[in-house]
Amino acid sequence: MRIILVTGLGGAGRTTVAAATALAEARAGRRVLLVSEDAEGVEDTGGSAGHGDLRVLRPEPAADFRREFLALQARSGTALDLLGAAPFEDAELTELPGSRPFALLRALREAAGGDHELAVVDLPPLPEALALLALPEQLRRYLHRLLPPERQAARALRPMLAQLAGVPMPAQWLYGTTARWEAELAAVQAVVEDPATTVRLVLEPGPAATRALRTARLGLALHRLSLDAVVANRLLPAGSEDPWLAGLTAEQHRHLAELRAGAGDALHELPHLGRAPRGADDLALLAPARTGAAPAPVPEWTVEDRRDEDGVLVWHVPLPGAAKEELSLVRRGDELLLAAGPFRRNLPLPGALRRCTVTGAGLVDGDLRVRFTPDPGLWPRTS
């Protein structure tokens with residue numbers, strides 16, 4: 001099953017493009033799921049005539065927060081009773097800031113488990129979307145550092161310790177909760193990293209569009225996500241006799257040319273309807289190209305063995321659009337902390353590099369090359 005994640009600059013029309021994409025694919029005969037909080041003009045058709053098999057899943061952050069909070073409260077009931085805590089009821093819970101990303105991640109996991117052929121997911125604006133897609137891996141890393149799985153080896157001793165102490169052992173429910181979170185996060189991370197999951201970027205040609213495309217390509221490359229298409233939305237008609245409209249069109253098309261240079265064949269152009277889209281017929285005019293083709297593969301992060309030449313291994317990390325001055329590397333144990341522009345990621349080192357020393361790094365045509373010197377005792381040079 002294929003998943004298309006739709007994001008873009010705020011106000012560029014990403015929700016409209018997501019809905020139009022889902023509707024067009026359903027009308028073409030595919031079983032489609034649209035995940036969106038705000039999509040209008042599409043309905044859950046279930047195969048009704050003329051609209052194809054289109055299902056709509058609308059994440060509900062408030063209800064999702066209440067459900068998860070109450071479930072956690074129920075699992076922790078013994079410890080809370082010991083502390084004399086007064087449990088919350090459903091009616092008094094108010095959604096907390098930050099609950100929306102988790103509702104979207106759960107919806108993404110649910111979308112991957114359905115019987116449809118394609119899921120189109122309407123994500124938040126670009127910066128928030130990139131942070132959202134990186135969240136499962138980051139949270140799993142935090143859990144592993146704060147509550148290492150190997151510490152659970154003593155799980156069998158906890159009932160005996162609880163009897164000796166006369167009180168419940170908090171670690172028991174804590175590790176149980178952590179294990180559930182780990183399983184959920186791992187499932188979402190697997191969906192994000194699946195080769196069949198791609199990102200579609202929606203931009204309205206303007207001063208910020210080219211910069212947004214560069215930022216998106218860098219962030220997606222760092223998190224190993226494939227950019228499936230760039231949609232230039234709301235293009236004004238050329239040839240207007242109105243000087244004011246002609247001036248706006250000329251400026252927009254200058255920025256469109258920059259997007260063409262940066263996106264190449266991945267660019268799809270959509271017209272401005274002269275009004276806000278209304279209903280399925282308008283959405284049919286705004287569908288980008290069909291998604292039947294296989295997504296482009298994500299470039300491999302390869303390790304080049306140069307021990308015969310100068311005694312080093314070189315790790316190639318593709319980062320298209322990166323500039324040397326915005327890159328920094330810090331070695332921490334078996335990881336590299338890589339900062340690329342506004343993005344940061346802890347990269348686990350491939351096994352061959354874990355007993356090596358970082359001796360330098362350089363950027364060549366969007367390819368970050370990190371040089372490692374092997375331990376002579378582990379990596380004897382060949383004659």
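This is a predicted model: local features need pLDDT of at least 70, side-chain atom pairs count only at pLDDT 80 or more; totals for chains, interfaces and linings use all residues.

Reader: What is the phi of R234?

Author: R234 has a positive phi of about 60 degrees, although it is not a glycine. Most residues other than glycine have a negative phi.

Reader: How exposed is R234?

Author: R234 is partly exposed, with a relative accessible area of 26%.

Reader: And where does D365 lie?

Author: D365 lies in the loop between β13 (356-364) and β14 (367-374). D365 also has a positive phi, of about 50 degrees, and is not a glycine.

Reader: Is D365 buried or exposed?

Author: D365 counts as exposed, because its relative accessibility is 81% and the cut-off for exposed is over 50%.

Reader: Let us go inside. How many cavities of 30 Å³ or more are there?

Author: The count comes to two cavities of 30 Å³ or more. The largest cavity has a volume of about 80 Å³, and the second largest cavity holds about 60 Å³ of space.

Reader: Which helix gives the largest share of the lining of the largest cavity?

Author: That is α5, with four residues. Both α5 (126-146) and α7 (170-193) supply at least two residues of this lining. Among the lining residues of the largest cavity are L133, A134, H223 and R345. By class, this lining has five nonpolar, two polar and three charged residues.

Reader: What about the lining of the second largest cavity, by class?

Author: The lining of the second largest cavity divides into three nonpolar, one polar and five charged residues. Its lining residues include R14, E37, D38, R100 and D122. Helices α1 (14-27) and α4 (99-112) each supply at least two residues of it.

Reader: A change of topic: how many residues are in the largest nonpolar core?

Author: The largest nonpolar core has 59 residues, and those with the most contacts inside it are L5, L108, L203, W315, L319 and F372. Helix α8, residues 209-222, gives the most to this core, with eight residues. A second, separate core has 25 residues, including A22, V42, V202 and L283.

Reader: What does L5 touch?

Author: Leaving aside residues up to four places away in sequence, L5 touches L108, V121, L123, L133, T197, T198, V199 and R200.

Reader: And how many salt bridges does the structure hold?

Author: The structure holds 19 salt bridges. In one of them, D64 pairs with R106, with the closest N and O atoms 2.6 Å apart. This pair links distant parts of the chain, as D64 is in helix α2 (residues 61-75) and R106 is in helix α4, 42 residues apart.

Reader: Why does D64 count as buried?

Author: D64 counts as buried because its relative accessibility is 7%, and buried means under 20%.

Reader: Which other residue forms a salt bridge with R106?

Author: The side chain of E184 also meets R106 in a salt bridge, at 3.9 Å from N to O. Here the partners are 78 residues apart, with E184 in helix α7 and R106 in helix α4. E184 counts as partly exposed, at 26% relative accessibility. D64, R67, R106 and E184 are linked in a network of salt bridges.

Reader: What is the partner of D282?

Author: D282 forms a salt bridge with R275, their closest N and O atoms being 2.7 Å apart. D282 is buried, with a relative accessible area of 7%, whereas R275 counts as partly exposed at 35%.

Note on methods:
Residues are numbered from 1 along each chain as its sequence is written. Side-chain values use heavy atoms; hydrogens and water are left out. Buried means under 20% relative accessible area, exposed over 50%, partly exposed in between (1.4 Å probe, protein chains only). On a 1 Å grid over the protein atoms alone, a cavity is a set of points where a 1.4 Å probe fits but cannot get out, and a pocket is an open set with protein on both sides within 12 Å along at least five of seven lines; lining residues have an atom within 4 Å of a point. Grid points are joined across faces, edges and corners, and a volume is the space filled by probe spheres set on the points. Ala, Val, Leu, Ile, Met, Phe, Trp, Tyr, Cys and Pro count as nonpolar, Asp, Glu, Lys and Arg as charged, and the others, Gly among them, as polar. A nonpolar core is a set of buried Ala, Val, Leu, Ile, Met, Phe, Trp, Tyr and Cys residues joined through side-chain atoms within 4.5 Å. Contact means heavy atoms within 4.5 Å. A salt bridge is a side-chain nitrogen of Lys or Arg within 4 Å of a carboxyl oxygen of Asp or Glu.
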